[in-house]
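Student: Could we go through this structure together, one question at a time, with the criteria behind each term spelled out?

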Amino acid sequence: MTEGPSRALATLVEAVRQLEGLTGQVGPFALPDDTCDRAPDLVAAVCRALDVPLTFDAPSSARDRDFAVVALAAEIQRAQRAPELAGLRPEDGAAQARRLHADEEAGYRVRTVPRADGTVITVVESGPPDAPGMLISPPCSLSYRIALPWLRALNSSYRCVIMQTRGTTEPIVDEKDFDRRGYDLSHQVQDLVAVVDELALGPAHVMGLCAGASVALAATAQRPDLVSSLSLWHADLEMGGDAEKTDHQVNLRALMDLGGESRDTAAWLRGKLTSGPMTGVPAGIGPLVVRPYATTELFYRYAKLTAATMHWDSRPTAAGVHQPCLVITSEDDDTAHPAGSRRLAEIVPGARLVVAEHGNHLDAFRATAEQVRSLRSFLAA
């Protein structure tokens with residue numbers, strides 16, 4: 001296979017893999033019937049090769065369209081339209097998809113950490129087993145794939161682990177298990193502690209991305225013996241009246257509070273949210289961001305977990321953190337207001353604050369060369 005088709009097929013494989021966490025929880029999932037308008041046989045072959053049970057029979061007419069599902073399909077639809085894929089035989093595409101999958105998975109290990117309440121925490125680990133530990137705490141309910149750039153950037157010299165949120169990875173058998181097992185910040189913190197303990201990772205550097213910053217901060221305060229240092233990236237934190245919030249933060253918290261009232265309310269609210277175009281869905285990683293809106297149950301869980309982090313006042317805990325702490329934000333982050341990070345850096349003793357002149361919220365997940373240099377410099381100090 002020449003370079004052009006190989007690159008185009010790799011893009012298609014990544015688009016399909018962004019949905020594997022979703023199908024792993026809810027089983028076969030239907031995308032709109034116009035998702036594969038150019039290469040239906042090739043896409044079907046790739047899905048079978050990767051064991052991602054997608055079907056393409058959801059209504060695609062505007063009248064019946066669920067725009068969350070449309071956003072979930074967007075990357076596959078875009079990838080399968082690449083002219084370089086024209087004429088590629090499905091069996092050849094499937095064979096290459098399996099090779100790409102095997103090559104990626106050879107670079108990390110997927111592990112599970114069982115909890116006493118029956119929850120199973122899924123983690124992805126990469127790097128030398130005897131290297132210093134690094135744990136990445138991403139936002140609630142998002143796939144580990146959103147943080148893979150950090151793992152790839154750091155796993156040459158660190159034993160990196162990305163943990164995923166409770167209730168958002170195991171197959172859903174009994175929906176009420178999620179309620180019985182708990183979802184509060186305390187549960188999420190204990191999950192992080194259990195991961196560090198179970199994997200013998202500590203004392204580790206803990207990275208908190210967006211809402212994952214609340215969990216990272218609270219875990220650091222609760223078990224300082226397990227955390228050597230802390231970095232918080234574009235943190236979405238509750239700082240009371242000490243820091244301004246963006247409209248997004250205010251509106252999202254209200255949305256999470258309402259969506260978490262009950263599953264019936266979550267179904268009604270999800271229907272309202274997805275009956276019109278979903279704006280602001282980022283190209284390239286849209287399915288990873290939109291996944292919590294894919295079904296009522298996933299949206300309900302997302303609401304309960306995220307509301308728990310958004311209501312937790314981080315100020316008392318931050319004042320008691322004595323590990324080296326790096327706080328990263330940007331002047332024009334219109335998702336998590338930079339004022340929250342500035343105030344956090346004032347409260348945590350000796351914290352180092354880095355404020356980029358420009359950068360959006362999703363920069364927290366990109367692991368750019370400048371970000372990696374900043375983190376490595378902090379860790380080496």
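**Strands, packing and rings**

Tutor: Strands here are DSSP runs of E of at least two residues, and helices are runs of H or I of at least four, both numbered from the N terminus. The model is predicted, so local features need pLDDT of at least 70 and side-chain atom pairs count only at pLDDT 80 or more, while totals for chains, interfaces and linings use all residues. Residues are numbered from 1 along each chain as its sequence is written, and side-chain values use heavy atoms, with hydrogens and water left out.

Student: In which sense do β3 and β4 pair, and over how many bridges?

Tutor: Two strands pair if DSSP finds at least two bridges between them. Within this pairing, V113 stands opposite I121 in β4. Strand β3 covers residues 109–114, and its pairing with β4 is antiparallel, over six bridges.

Student: Which residue in β6 does V124 stand opposite?

Tutor: Strand β6 (residues 159–163) also pairs with β4 in the antiparallel sense, over four bridges. In β6, the residue opposite V124 is I162.

Student: How many of the seven residues of strand β4 are buried?

Tutor: Buried means under 20% relative accessible area, exposed means over 50%, and partly exposed lies in between, with a 1.4 Å probe and protein chains only. Strand β4 (residues 120–126) is largely enclosed by the rest of the structure, because the number of its seven residues that are buried is six.

Student: Is V46 buried or exposed?

Tutor: V46 is found in helix α3, residues 40–50. Not counting residues up to four places away in sequence, V46 touches L9, L12, V13, V16, G93 and A97, where contact means heavy atoms within 4.5 Å. Its relative accessibility is 0%, so V46 counts as buried.

Student: How are the rings of F178 and Y183 arranged?

Tutor: Rings of Phe, Tyr and Trp (its six-membered ring) pair if their centres lie within 6.5 Å, with planes under 30 degrees apart counted as stacked, over 60 as edge-to-face and the rest as tilted. F178 is buried, with a relative accessible area of 4%, and ring pairs link F178, Y183 and Y300 into a cluster. A search of the whole structure finds six aromatic pairs. For F178 and Y183 the ring centres are 5.5 Å apart and the planes lie at 25 degrees, so the pair is stacked.
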